[in-house]
Structure formats: structure tokens, C-alpha cells
Amino acid sequence: MEFLRRALNPWGENVPIGVAWDLIWAAVIIGAVFVVVHALLVPKKLPAGEIDESEAKGLPDRIQRHKPGARGFHWTMSATMFALLITAFFPVIGIQFPWVTIHWIAGVLLILTVLYHIYHVFAKQDIRNMWIGRRDMKEGSLGLQAALRRPVQRPRAGKYPVDQKMFHHAATLATLGAVVTGVLMMFRIDNFLLPQNTYMFSDAAWGWIYVIHGVSGIALIFLVIAHVYFAIRPEKRWMTWSMINGWITRDRYLENHDPERWTVPEGEGAGEVEGAAAGGTGQPALSDRA
Amino acid sequence: MLQTEAIQARRGGFTRRKFIKGVVAAGATASVSGYLFRGSGIFAPMLTAQGAVERLVTLTVNGQQRRVDVPKYETLAMTLRYQLGLTGTKLGCDRAECGACTVLLDGVTHYGCSILTHSVQGREVTTIEGLEQDGELHPVQQAVMDEGGFQCAFCAPGFAMSMVGMLEKNPNPTREEAAVLLSGNLCRCGDYDKILNTAMRAAELSRSRA
Amino acid sequence: MAENVIGTDISPPDLRAKITGRARYAEDFRAEGMVFAKLLLSPMPHARVRSVDTSAAEAMEGVLGILRADELPVQSEGLREGALTDEPKYEGEPVLAVAAVDETTAAAAVEAIRVDFEQLPFVLDPLESLREGGPDAHVGGNISAGRGEFGSLKWPASVFEEAGADKLPMGEAAAEWTIGDIETGFDEADVVVEETIVHQSVTHHPMEPRSCMAYWQNGKLFLHGSTQSTERTRGGVAGLAGVEPEDVVFIGEYCGGGFGSKISGSPIMAVPAVLSRKIGRPVMLRITRYEENYIGRARAGFQGWAKMGFRADGRMTALDLYLVQDSGPFGASDLFTAGTVATASYQPENMRFRGAAILTNTPPRSAQRAPGGAQIVAMLEPLVDKAARELDVDRLEIRKINAPGHDGWLGARQTPFTSAYVREALDLGGELFNWEEKKQLSGQRNGTKVTGVGMGLSPFTAGSAGRDGLLVIRPDGKLYVHQGIGNLGTHSIADTARPAADVLDLSWDQVVIVWGDTSKHLPFSTVQAGSQTTHAHTRANHAAGTAMLGLLQELAARELGGSPTDYRVADGRVFRAGNRAAGMNFAEAARRAIATGGKFSGGVVPEDLNDATKAAVAGLAGEGLIAAARDNYSRGGSVYTWVATFAQIELDVETGEVEIIDLASTTDCGTVMHPRSLAAQTNGGVFQGIGMAKGQRWVFDPKWGIPFTKRFYTARPPGILDVPLSPRFAAVDEPDPRTPVGAKGIGEPPVGAGEAAYVCAVADAMGGLCLCRTPLTADMILAELEGRPRPYGLLETHV
Amino acid sequence: MAVMRDMIPPFELYQPTEVDDAVRLMRQHGDKGWVLAGGLDTFDWFKDRIKRPEAVIDLVGVEELRGISDGADGGLDIGAMTSLTDVAENADVMNRYPLLAEAAGLVATPQIRNQGTLGGNIVQDTRCWYYRSGWPCYRAGGNVCYAATSQSMNREHCIMGASRCVAVSPSDTAPALVALDAEMVVASTSGERTWAAADFFIGPDIDIERMTVLKPGDLLARIVLPAPWEGARWYFEKVRDRKAWDFSLVSVASSLRVEAGMIQDARIVVNSVAPYPVRLRAVESAIRGRAPSEETGQMAGEIAVEGARTLRHNDYKVALMRNLVKRSIRDAA
């Protein structure tokens, strides 16, 4: 299978012009296989972990996991991401419509959200939450064994479980790849933000830019598939809900998170208004244990 | 030429089978020391796929039936020049732009460089060599002699064929009409004035002969 | 008596062959076992071949051989062009050639060859190369310093800033000459006009591409090619093949148009010549229109500036000219001709000519019908109109005021003309076109169409001196005129034989023309360039005819007694004056000549003949009464022809389209040899000029240095609907005193006349506004009329 | 790989005599197949060795694709393989749809009109010389438009409808057919489908590699001229550099229904200003109820060029389009 699309430039030099579109299907298939295999191997319900009530004191019943800003970012980003993937790949697979303008505008939005996110994590959040350390490694291996029904003590994570961190970093890489090349590619299309500058780079350089853009986009297809799959997994739904309403229950917290690694300071509970509003929606999340 | 005539003319050649096959007819196979694309070299073993045409075709050129082994991608001008030895049909651009290769198919002017030989089976092909009838010049040729037509004359055969086609369409053209009917041919010597004189003279001669 | 054939219309002896398809041009020849060659063209405008991998191609069945540049006797080096090169200087320059059993295989083989090119800096626009640090077309430099050496010409940035975007920058010139004092000239002027003007380069595009076929037999090279001058091509071919001229048989019976691009064959002839020897098979190299666009030569373009001063009475007191020439990769001499030609219509009292010929990475230039002349006429004539308007002098009148008389002079050295009936030609044209009435129509509007009338006066060299003539009277009583000149389509192959027939008072049907194959013993003749043929070769054949007359008289006296002067020649007989019975016919003369031998049948020949002619005579010796002679007629002065063309056009102000309503041309080209052919030559040249003015294009992508006008439909030579249906023509028909025949050439002058007449007529329709660029396409005209931005910068080239 | 031109690469040739066989062959070979009608666009691609199909399906023998006949509900049916000459000189076309006859009669040259087909003229590929040079541009599947840069030679390119690609539609008959509200009947193995001429042409924003809705396997079978626009007032003009063998710099086609000196209904189409024939709906509605006068034309012209975006060398097209739209109303007969 060809990984690149190549062509002769006007001077007869063989240059890359983009990624082979067959890879779209490769990504879809790999994604599907992953989902199926995972669904078959990993049990939907994990045994409830022990809760040490002693740790509970002083904690509100609802603990905020995602600040509104973080959630806002997440959902705008996912919206733009879907817009980008649809406008990018549907025309290629034969569902045709005027896509270019939507695509680059969605891209610009994505960039804005990413910029906001970067600002947000540095200003408002503790980036260490995303670092992968030795304990994350241990957590990872134990988690894997637990998932494979090994008789091990299921580890408790920091604010973010290691698999979530890994996904985040993969997504970051792919997104940055697509974003950076995407900005450059805007110099080759007619838009009101950047002047057209077709010959800014050599054909070969341009070719590689298009390749990276394609590869990133195709990688994102797989990542999105995996992400959505986990989001709807029963045993992870409480996390999904937390991305909607922002909080998790104290029990969830104690069961899945290591207070040493994710210490919830006093009063760091979910705001009353939000709590009330989220109360109802919170229920299913609560009811799935017991 | 009328629509229906065109269809008749073409039907003539075709057996009504699913696919057109070369009409097998009398007439010796033309020397297949045929030049340009004798199909030897790396393409010799190209097999004929199911339902595809056969290489051996029978052409009707200047009233004679000629059996030729023609690659499927060969144009009529090449077949005429390099297989049938009819070099009067010139190649000025090989792109249907200059008219030096103009021939008649069923009396209608076509660019010989831009039609497949396989597409003209069953159609009457007339080239410059076919105008002269036992020593007597065609009115168009006579007109050229009378008017001292053409300079380098590389375009002459093509122009002559266009004039013959013109007479079929409009035996009594004005100078303007003649120019329009000859507008598919280029003359780089710029001898258009003399060419138009020739065309008008040709019309005059053919009227008087008819 | 004499002169009975000259001045009448004849049917050229080759016409029947041409119109029955029997005329064989180079690509119509076949040889037993003939194979085909294809060229690999450079994909880059300037590059160096690092390495070539031909293994895949050589492995193909049917591939017979590959020819590389280093195998050619004539190598591409510096300003010398080779048929193939490892340092291509323009996109499309042939790099190597492949021979195979058929073209399909050859083409596939070329595609299978891997060439690793090192891309080198290139330049398309001469002005870019003139900037400090600007790219050069050659590694060695951007101008020719003579003797094949390169030089470098760069102008400081200040020169460009001074000029701005809309005026030609004029730095240090590479060539310069003056007449009188230019400043004084402008001081004396009452009106001064000035413009920056661009003239596009234009590909020749003859109908017949320069295909050629070659094979070897007993160490002799047989080459079928397309050329303007047969005998003078043989030597060139010998050089290309690396053999002696006597080992070359060149066959070129017909030439499908040359217009200066096939003066003595083409460099590409080396490919079949050398390749066929290498593989031991006849090789046909079919040149396609696409390839012809690259190797087929082009007219050099100019970016120029002109300033003219006139006295109130219309006399030109000063002409200041600066031309930057686009010389292509190997140079062109249009620039120098242009300056000279400018003097031939205006006889400026003071003049300064400055110019620079800059090398560029665009297809090679060569002479093209009035090289330099056509360009400068089309560039300057609109300025003369501009001045005429300001002076309120009639446009025809102002040309008559400045036109040379018989005391006229040419160029920097101010050499005298042999004859100049310019005013006569202008008057004749004024009548023919009905100028006085037509000029009233100027600016008249009819619906969306505006009428414009204009004229162009175009001088150009019309011959110098001939070489040798060779005649044979064979026992069949016919006069065989051996023509070393080529059959380039002008009918001169026949017309130049007429003087011989006339001197011998022989009817035309008794004349046989021998031409087109150097094995047929052809004399060394003039090259067919510079409108030489008619003037020069009528002289040569007149000399040969006179020699033949002498031999006939001598032979008769010897055989029948008396002295040679007692004998007359007429109607194919030589006889005693006053007694037609006492003599013999040519057949008898031929037999007696053979019997007598010696100088009568080629045993002895004049010493001053060229060796090639001597060899030809030796080859014919004993076959009849043979006369060969060199043209020793007067050589002083400059032989010039003038053509005046008048045009009436209609300009559609809503579309910018122009239609030519009426066109009339007149000429002073000395004695009219062949009226119908002369009219055709003139109209043809005028149409070629109109084509250049109206829309023949030469467009490159500046980033890649690759041309797009490679096909007829993008290059746009004029078609039959782009020119007027009934152009009119008349000639002054006054003999030029410097030649016994009185004929001057006509090939070149018409081009500039047609081009200028068109440009001036369009300017007239636009109220005297000169767009100062050719081609003058609808988009440019419309943009101007609508007051929209110019489609192209004033100095922009290759558009 | 070295570049080679002017030699047709070998292919397998099929000459079906029935449409069914033709479309079956077309489906069988998919994008490795090529439909050959008149061939005047085709052979340029083949000789440049840029398009190299494995199988060529020559329609020369498919008689049902030829000929002009009365349509089912009035109007006229024209087989896609009918030669342009036959279209231009057919009595019915000349009398009932002179606009089409005129347009067909102005194509290239007599020889090309004799051999070229109406279908071929409609579906022919663009003449952008960057694309035609085989450069890897967007339209050729690449990642760049060579014609839209600050130094490109784009005198012939578009002033509207561009989306990355700035090539224009070269067809002369296309604008005429849109102006006549013709229908395109497309055959494929899954039966026939009909498109309004206006929807038949697509821009690069939707598919940068095609100019029409036709996909591999689709065959333009015939063109249906509807009764409604029979005998309407019309105007066609093609501005070009040469009077023969040239493509339009800009062309205009209009159908006007005029009653009591007022325009009741109109269809005005301009070509070679966009990648597809541009139907000027805004102009059409603006001129309804007005007299076909110089003023109306002037106004129409101004509306027509609103939003035009020029490239380096094609600004003149704005003026040319404006003037031609004016003429198409003022001078319609």
C-alpha cells in the first residue's frame, strides 16, 4: 500500500503532494477493531473499589472535576473537530459539498480554542495534573491487569487516569500537527486572513506539509473513535458526565482517585447553583453503583 | 451532409454485432513493414481483450479497399503516411490545429491527425492523392495551377481537401463564405489572398464541369 | 529580344507536385530498415545534467541506441549551440536522443530514462539580468563579448529607480553609435515625442517542423532535411556530422516554410546523422510542433525607448534610440540591424543608437523575416504619427518628407542606396488605398465600432551579391538551370532562372530547373537570407546566361566559321546575324560541345568559381554545353526595398476586438520579376506582421521559466479570418541600376509594414493613443478604453 | 521520469454499437476507462501522455446517440454524439433554437465541428494551460493552483466561482444550453437520470477534479431542448483572440421573452468567467418588466459583475462581461 501521493512538479522532479487517502480506511478499520477487541476483553463493570470513609471527612458530596472553562473548551473543540473531520474526509470518500470555507473557518475556531486552553491550563489549572510520572506507569500496568480480570488491587489515579492523559497527549500531538500545517496551507487558498503566497516553500516542503496535515487528520479519526467509545463505556460514563456537569460524587472520587495525588482543597466543591442544576442529570451516574 | 446520410454511410461498414469488427474484405494487406507504430517492440504482445476490436482493419481509401494491421491507438494520418505510403497528407501540428492533415470522410473534411484509424472503418477516406482522376486534375487542383497558388505549399494538400469539402457544401460560395469554410487550415506564408482566389476559381471550374 | 520572361506570371515547375501530394518534404522520405528517434527535452530552463540512468530504456525490446551530447562532433559550448546538451539553457532544449524500431517504443524508452538535473539560476526578462545581482542566462555571464566569450553587463539600482516602472531604464550601453549630435538635433526640434515600447519575441512556426532523416552509404551521409538554401546547407551538415562536405548528400527538394529559421538547415540535423551512423540504420527524427516551438527559432524581442525631434516642417532632426534585446541563450543580431533600418525611412539629421543584447533562458533566436527591421518599424511608426498629429502634418506627408531619395544613405556609415523610389511607392500607395478620403474616416463611430486608419513604411535590406550560376544545354536542346539555392516556397527557385532564359532569348518551356539534391551537381549559391535570393541569384544566373551566350557564339564561330560577334542567339538557336538558317539549334550545339570538349563541356572552368561549383561542373563534364560563372557585377552601395502598407480597421469599443476592413500595400523592389508571386510575397509578409501585431503570443510562467504558447492555438498565428479578404497591391517597378536584372528582394520588408500599419490604425481609432506594445490584444485595448488597470506592466515581457 | 509528448500511449479499444454495452464497458473499466466521442479534447490528453486510460470506449458506432428528433413534450432531442455541424446546420435547430445553432457554429473550425460532438463540446475539460501542461495542480489531484499566484499568467482565468482552482469552462454550447434551460440525460448501468443544464456543471468548490456531474460510468446520452424557450429572442457572442480555432475570452448567451416591448422572462448566461457557465439570476429578475434597452442593459451589466474578483492579468474580463451582458439584452433579436 502507498502511504504518499507523489507527482512530478513542473520541473519533472518527483515530489510528495499528500498522504494516500487509503489511510482513511486504515484508520477507520483500526479504530473499529480496537473498539471491538476492547469491548470483548474488558468487562463493562469493574468491582467497586474500597472506600475508606476516613478520607471522606471535610469533603463535599460533589467534587468539581472540570471547571466550566475546561468543559467549554472541550465541547467547542470537539464540535470544531467533528466539523473539520467531516469537511476534510467526506468529500474524499464521495460525499461532496463545498467544504473548503467551512473547513478553514472551523480550523481557525479550533486554533482559538486551543489557544484558550493553553492559557487556561497555565493560568487556572495545575498542569502537573497531566504529567505522566512513575506512579502513572504503575497505575497503568495495574489498571491493565485489573482490566484483564487479574486479581490485583485496582489502583487509584490522580486527577486524570493515565489512559486519559495518554489520549490527551496523542490528541495534542495530532491536533498541533494539523493546526500548524493547516495555518500554512491557508497561504495557498483564498481567504481574508492570510495573503495567498503559493511559493512560500519549495514544492517538496509543501508536499510534506500536506502529508503531515493528512497524517494528523487521519490519526484524529482513530483518536476520535477511541475517545467516543470510552466516553460511552458504562464504567466510564461518570467521567463523561463530569465533562458535562463538571462534578463527580465524593464516593467516585474516593473510589477512583488518590487524594494524595489529587487533593481537593476545602470548599473546592461544585458550586451550589451548578450542583442543583446538575443534580438531576447527576442521578444516573450515581445510580449505576449499589 | 445530412444526418441520415451520415448514419447510412457509417452503417455501411458495420455488421450489426455487439461490437464492431473489422470488415474482412478483398484487397491485399498493406505492407506491414508499416512504420511508426508497427506495434513491435515492447508492445507487440498486447493481447486483444474480450469484446475489444481487432488490429486488422479494412479501410476504403481513394476508392480502394486496403487491409492494414493497425494498432488501436494509431491515428488515421499516421496510417496513411506510414502504412499506406500516402505522404500527401501532412502533419503540421498533429493536434487538429493547422489542417495540413485534412482528409475527407464520406466527403466531409476531418483532421486526419485526430481520429483513430479504427474509427473510420466503413467510411470513404479521400486524400490529396485521390483527387486526380486518371491524369485529369480535380477542379481544385486545376484552380491551384491556374492561380499559381501556395508558397511553401506544406499546407496545400490540406487546403485542397478543405476546398473540395467546401464545394460539396457550397458550390457557389462568396469570398467570405469560402474563407469561413477554409478557416480550419493555417498557412504560415500568409498566402490567404491567393488561396481565396484559388477557392473562387475552383468553384467556377467545378460549376462549369458539372 | 531579351527580358521576355521577366515580368510575366508563370506556373512554378513544382506546383503540380505540390498540389497532387507528390511533392516530398523531409518527413515524406523512407529508407529500407528505417527506425525512429525521439528526443528527451530539458524540463528546466537552466540546468546541469548530474547523471543519466538509461539502463531501463536500454533493456527495452526494440531500443536500438541512445545518443548523448558528448558523442556529437559539434559540442554545445558557451554561445555555441549543439544539437544536444548536458547544460540545457532553456526549458525544452534537447538533452539526448533514443532510437528504436518504432516511435511508440522510443517514446516509452525516453520516459524510462532517469536524468538527474542540477537546477541553475535562470532569467527570462533581460531587465532582470541587468540588475545588480540579477540572474544570468549562462554561468559565464549575460552578454556576448564576441569571439564566443561572455561578458557581464549590470546596471546600478539607481538606473532602475530613476526610470521608474513605466520607462526603460537606460544604463551603460553595450553598443552605441551616433550621427551628428543628438542634443543639437533636439535643440532644433519644434516637436519632441518620446515613448517606452515593448516588442514581443515571436516563434517562427513554419508549417513544416524541422524533421529530418539520415542514413549512410559507402561512407557517405545522405540527409533529408528542410532548408532554405540547399547547397549552402551541405557544408553545415558535414560539420554537424564531422565529415567532409564531399561526403554529404543533402536532399531538400521542398521546404515547408522557414522565414529565417532554416537558412542553412538546423543544428538538430546532427541527431539522425550521427545516430544513424552509430546504430547502422536509417534514422527518422520526426520533429513535433511542440518540439518545433523549442528548437524552431524565434524573433528576438525588444524592450525599447525612442525619442524623436521634428522641425515644424515635419523633418526629423533627431532620433534617440535605446533597445534592450532578448537574445535568447545563444544570441541574436536583430539589435544592430534595428538601428540601421531606423535610418532608412527617416534619414534623421542627428541620431544616437544605444543598445544591449542580453542573454536569456528562452528558446534560441534567429533571423525572422526582417530581423530587427520589423520590430523597429512597428515600434517607431506610431511615434511618427504622434509627432505628425502634434505638428498637424499629414501622416503620409511626414513620411514622404523624411523618406530617402536616390541620394539617401543607410546606417552609421551612411552608405548610399543603390536606388530608392520611396516617395514613388508612398504616392502609389496613397492612390491605391485612397488615403485622402480614407483619412477622413478616422475616428468615425458606427454603433460600437470606431474606424481607424494608419500606415507603415518599412525598409529592409534586399540583397547584396550572388555567387555562382551553372547552366547546361543538353542534347535534348533544353536549358538546364542548376540551382544551388533552395526551394523555400517563394517561387524564386524558378524566378531566378529567368534571367538566363532571357539572355538566351529562350522560351520558358525550354528551361528545366535542377534543384533540391546536392548529388545533382549544384553550384555554390547565395544563402537565402536577407532577402538575398531574387537580387543575388538573378545576378548569378544572368552572369551564367551571359557566359552561355558567349560559349554558344564561340562554338558557332568555331563550327560554322566567322567570328563569335557575327552570331546571335534566339528561340533555341544560335545563328549568323541576319541569316537564321546559318546556325544550329541548342541540341546540335550541345552535341558539338560534347564532341569538342574543353571549356565547352566543362573541361575548363573560370578560376574565380567556388570549389563546390567547380566540383559540380566536373561532375557534369561531357554531358552538354556547360556554362558556369560567378556574379562579378557591381557590389557598391546598399540594396534596400521599401514597402508601404495602409490599413483601415474597425475597433469595437465594447470588446476591444479589431477588424481589418481594408488593406493596401505598395513597394519599391526594383524590377518586378513575377507579379503574382510578388503580390503574394508582399501580402504574406504583411499578414505575418499583422499576426505579430494582433495577437501572436509568446508567454512564459515567470516562476518556472516554462512557455505555454507551444501549440498553434496558444501561439495564435493569424488564420484566414483574421486578415482582410482582398488585400490590394501595387509595385513601382523601377529597375535597380546596380544589377543587370534590376530586381531587389521582397521577402522581408512587408512584415514591418503590415505590423506598423495595424498598430498605427489601432492607435488612430483610439484617438492617437499609442499602447506601445505588441501584440496588441483585445484585453489590453479594452482595459485602456475602459480606464481599467493595464493588464501588463509597460515593460513587462513574455506576456 | 522524463517528460514525453505527442505519442499516444497504447490502450485497448472497444467500439460498442449499443448504449447498454457502452455503459457496461464504462462501469467495467471505471476510472481506467475513457469514453471517446469526437476525440478533439481526448487526443490532446492522450498525446500529452497525461491521461493514460487502459481502455478506450469509442462511441463512433453507437447510432442511438446520434441525430436530432422532436421531443416527447414538444422541444427537441439531440443525441450527444451528433456532430456540431449537424447541430449548427439542422433546420429545426436553426429555426426553433437559433441560439444553439449560432453557438455550435462558432466552435473552433469546420473540421472540428464536423468531427466534434455536442456532448463532447459540453463535457470537455478546461483549457487552463497550467493544468493542461500536466502540472500537479489541485484539479490534477495536487495541492496547488499555479494560475492564481502573484506572478501567474492568468489572462484567460476566472473572475468568479473560484475555489482554489481558477480555471474556466471553455464550452461554447454550454452557456447556450443553460440559457435555453435544456436538460441533460445521463445514462449509466443504473438507468437514466436527467439534470437541468444549470445543475449539470459543477464548480471546484464541490469537486475540483470534475467540471460536470458526470462520474466514471456516466454517459451523457442526449440533450433535451424544452418547448418553452422555442423561438424566444436570443443573443450569443463569443469574444476571442482569433476568429477561428479559439476559445472564448468571455461569451454570453441570452434568451429573452419580450411582450409589448417589455421583458417578461429571461435567462442570461456568461461563460469563461467562472469554472462553469454562470447563470445571472439577479440580472434576470432585475430586468423583468423592463424594456430591452441600452439603459436596462447597462444596469444588467453592472449587476452581473458585482462581486467579481480579478487575478493579476484578467481584470479586463470584468469590463468585457459587463459589456457583453449589456449587449445580450440591448441587441437580442
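Below are some questions and answers about this predicted model.

Q: Why is the size of chain C said to agree with a compact globule?
A: With 799 residues, a compact globule would have a radius of gyration near 28 Å, and chain C comes out at 27 Å, so the two agree. Along the principal axes, the C-alpha atoms of chain C fill a box of roughly 85 × 75 × 50 Å.

Q: What share of chain C counts as buried, and what makes a residue buried?
A: A residue gets that label because 20 or more other C-beta atoms lie within 10 Å of its own. In chain C, 66% of the 799 residues count as buried.

Q: What is chain C built from, in helices and strands?
A: The secondary structure of chain C comes to 23 helices and 35 strands. As for its contacts between residues at least 6 apart in sequence, 79% join residues at least 24 apart.

Q: How do you know that β26(C) and β27(C) are paired?
A: Pairing takes at least two bridges, and these strands have 4, so they count as a pair. They run antiparallel, and Y567(C) stands opposite R576(C) in β27(C).

Q: What makes β26 and β28 of chain C edge strands?
A: The open sheet has 3 strands in the order β26-β27-β28, with antiparallel pairing. β26 (567–570) and β28 (579–585) each pair on one side only, and that's what an edge strand does here. From one strand to the next, the twist averages 35°.

Q: Which helices pack on that sheet in chain C?
A: One is α17 (residues 532–560), which touches β26, β27 and β28 of chain C. The direction of α17 makes about 125° with that of β26(C). Another is α18 (residues 586–596), touching β27 and β28 of chain C, with a direction at about 50° to that of β28(C).

Q: How do you know that β11(C) pairs with both β12(C) and β14(C)?
A: Count the bridges again: 5 join β11(C) to β12 (residues 220–224), and 3 join β11 (residues 212–217) to β14 (residues 283–285). W216(C) stands opposite L221(C) in β12(C), while A214(C) stands opposite V283(C) in β14(C).

Q: What phi does N218(C) take in the hairpin of β11(C) and β12(C)?
A: N218(C) takes a positive phi near 40°, in a hairpin with 2 residues between the strands.

Now for chain B.

Q: What is the order of elements along chain B?
A: From the N terminus on, they run α-β-β-α-β-β-β-α-α-α-α. That comes to 6 helices and 5 strands. Of the 210 residues of chain B, 62% count as buried.

Q: Which way do the residues of β3(B) point?
A: T102(B) and L104(B) point one way from the strand, V103(B) and L105(B) point the other, and all are buried. In a regular strand the side chains alternate between the two faces of the sheet.

Q: What makes β4 and β5 of chain B partners of β3(B)?
A: β3(B) has 4 bridges to β4 (residues 108–111) and 2 to β5 (residues 124–126). L104(B) stands opposite T109(B) in β4(B), and the bridge partner of L105(B) in β5(B) is V125(B). β3(B) and β4(B) form a hairpin with 2 residues between them, where D106(B) in the turn has a positive phi of about 50°.

Q: How many residues of chain B are in contact with chain C?
A: 49 residues of chain B are in contact with 56 residues of chain C. On the chain B side, α3, α4, α5 and α6 each supply at least two residues. That side divides into 26 nonpolar, 11 polar and 12 charged residues.

Q: Where do the two domains of chain D lie in its sequence?
A: Domain 1 covers 12–61 and domain 2 covers 68–123 + 169–330. Their centres are 26 Å apart, and 15 residues of domain 1 are in contact with 14 of domain 2. On the domain 1 side, α1(D) gives the most, with 6 residues.

Definitions and conventions: Residues are numbered from 1 along each chain as its sequence is written. Chains are lettered from A and ligands numbered from 1 in the order in which they are written. This is a predicted model: local features need pLDDT of at least 70, side-chain atom pairs count only at pLDDT 80 or more; totals for chains, interfaces and linings use all residues. Domain bounds come from an automatic or database domain assignment. Two residues are in contact if their C-beta atoms, placed from the backbone, lie within 7 Å. Ala, Val, Leu, Ile, Met, Phe, Trp, Tyr, Cys and Pro count as nonpolar, Asp, Glu, Lys and Arg as charged, and the others, Gly among them, as polar. A residue is buried if 20 or more other C-beta atoms lie within 10 Å of its own, exposed if 12 or fewer, and partly exposed in between; C-beta atoms are placed from the backbone. Axes are lines fitted to C-alpha atoms, for helices over the stretch in contact, and angles run from 0 to 180 degrees between N-to-C directions. The radius of gyration is taken over C-alpha atoms; the globule rule is 2.2 Å times the number of residues to the power 0.38.
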